[in-house]
Amino acid sequence: EIAAAPFEYLINLEGYPAVLDQADKKWIYWGRGYEAVSGDDWVVVTINTCHFHGTLLANEYERGRIGESALADLRENLLDLSEKFAFRVVVLHHPPISHEEFGISLGRVPMWNGDLLVKAVEETGKDWLIIHGHKHLHRLVRSSGTEYAPIVFGAASFGALLTGEVSNQTKNQFYILELSFREIAGEYRLRGKLDTLCWDGQRWDLSMRTIHGLPHGCGFDQGGSFRSQGAASAIKSLLIKNDEAMMTWSEVCSHQEELKYLMPKDIQNLMKKLDALGVKTYPGDNCWFPDQLWIGP
């Protein structure tokens, strides 16, 4: 029955796609293709990228899309929501920008109007976080290099049976996301920290190794301009001044606030720069963050 009419099942599923404050909003979501859920200082815009899965178009199930009329309406709505709420999040199933990985087959069909959706979010001139799934492979990136380009957080699977290439790159993961602000020149810029757990086959544990997927303790800072060379040099100077032979990563982070909001690629770049400067780390290979750092042979 579910296979014959999946949309009918989802429409009647309690709490899907979210717990809405008005009953009519459920029908707006299914009819228009998106709806907003909000609180005192936050808003989450849920977009139904599976809205067109009932058509017979090739690749529609893999693709995902936001329709032209919904996008036009959403573009105006986002401007209004950006002024009303401090914390702004978009949630959708399909990745709105390309999500590929060398050596892993993730499906090559891009979301229809995904780039235009991200552009509409960016043009609000406010910080937004976009969360998606679908690919089963984690990521945390900036959507582009512009000032208000939204952060894109691709969540790994929670309970999928991972096989093949993807199983060597990530595990099933669970995330706790903490959002906050920092003030820069009178403007409040969004930042976030992730507590990340992975399923190791027997229990949930902190995601510390690269094979676990998105690292525990990573994050993002919309107002930041992280530079790995400068950060590595500052860490080396801190180690030289330190009386002890070693410092823990948490001790280092207590001196450099920016290290608490590093995206995965930032972490990888920083570890390479530290190695080039003669800073030793333990554990080294296959771990996102070191437990200990020191200077020496």
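This report describes the overall build of the protein and then some of its local features.

The structure is a predicted model, in which local features need pLDDT of at least 70 and side-chain atom pairs count only at pLDDT 80 or more, while totals for chains, interfaces and linings use all residues. Residues are numbered from 1 along each chain as its sequence is written, and side-chain values use heavy atoms, with hydrogens and water left out.

**Overall build**

The protein has 9 helices and 13 strands. Helices (H or I, at least four residues) and strands (E, at least two) are DSSP runs, numbered from the N terminus. The radius of gyration is 21 Å, close to the 19 Å that the globule rule gives for 297 residues, so the protein is as compact as a globular protein of that length. This radius is taken over C-alpha atoms, and the globule rule is 2.2 Å times the number of residues to the power 0.38. The C-alpha trace spans about 65 × 50 × 30 Å along its principal axes.

Of the 297 residues, 43% are buried. Buried means under 20% relative accessible area, exposed over 50%, and partly exposed in between (1.4 Å probe, protein chains only). The accessible surface comes to about 15800 Å², and carbon and sulfur atoms hold 53% of that. Areas come from the Shrake-Rupley method with a 1.4 Å probe; for residues, only the protein chains shown count as cover. Among contacts with a separation of 6 or more, 59% join residues 24 or more positions apart. Contact means heavy atoms within 4.5 Å.

**Helix H2**

Helix H2 covers residues 24-32, and its residues Lys25, Tyr29 and Trp30 are buried. They lie on the same side of H2, because they cover an arc of only 140° around the axis. The arc is that of the directions from the helix axis to the C-beta atoms. What do the buried residues of H2 pack against? Their partners are helix H1 (6-11), strand E1 (34-38) and strand E2 (42-47). The face turned away from the buried side carries the exposed residues Asp24, Trp27 and Gly31. Just after H2, Gly33 takes a positive phi of about 110°.

**Ile267 in helix H9**

Ile267 sits in helix H9 (residues 264-276). Its relative accessibility is 1%, so Ile267 counts as buried. Leaving aside neighbours within four places in sequence, Ile267 is in contact with Pro215, Cys218, Leu262, Trp288 and Phe289. Ser228 is 39 residues from Ile267 in sequence, yet their C-alpha atoms are 8.3 Å apart.

**A surface patch**

Phe158, Phe174, Ile176, Trp199 and Trp204 form a nonpolar patch on the surface. Together they have about 490 Å² of accessible area. Patches are made of residues with over 30% relative accessible area and no salt bridge; like charges are joined within 9 Å, nonpolar side chains (Val, Leu, Ile, Met, Phe, Trp, Tyr) within 5 Å. A salt bridge is a side-chain nitrogen of Lys or Arg within 4 Å of a carboxyl oxygen of Asp or Glu. Trp199 lies in strand E8 (residues 187-199). At a relative accessible area of 34%, Trp199 is partly exposed.

**Backbone details**

Asn113 has a positive phi near 70° and is not a glycine. Asn113 lies in the loop between strand E3 (87-92) and helix H5 (114-122). With a relative accessible area of 12%, Asn113 is buried. Ala185 also has a positive phi, about 55°. Ala185 is in the loop between strand E7 (173-184) and E8. At 86% relative accessibility, Ala185 is exposed.
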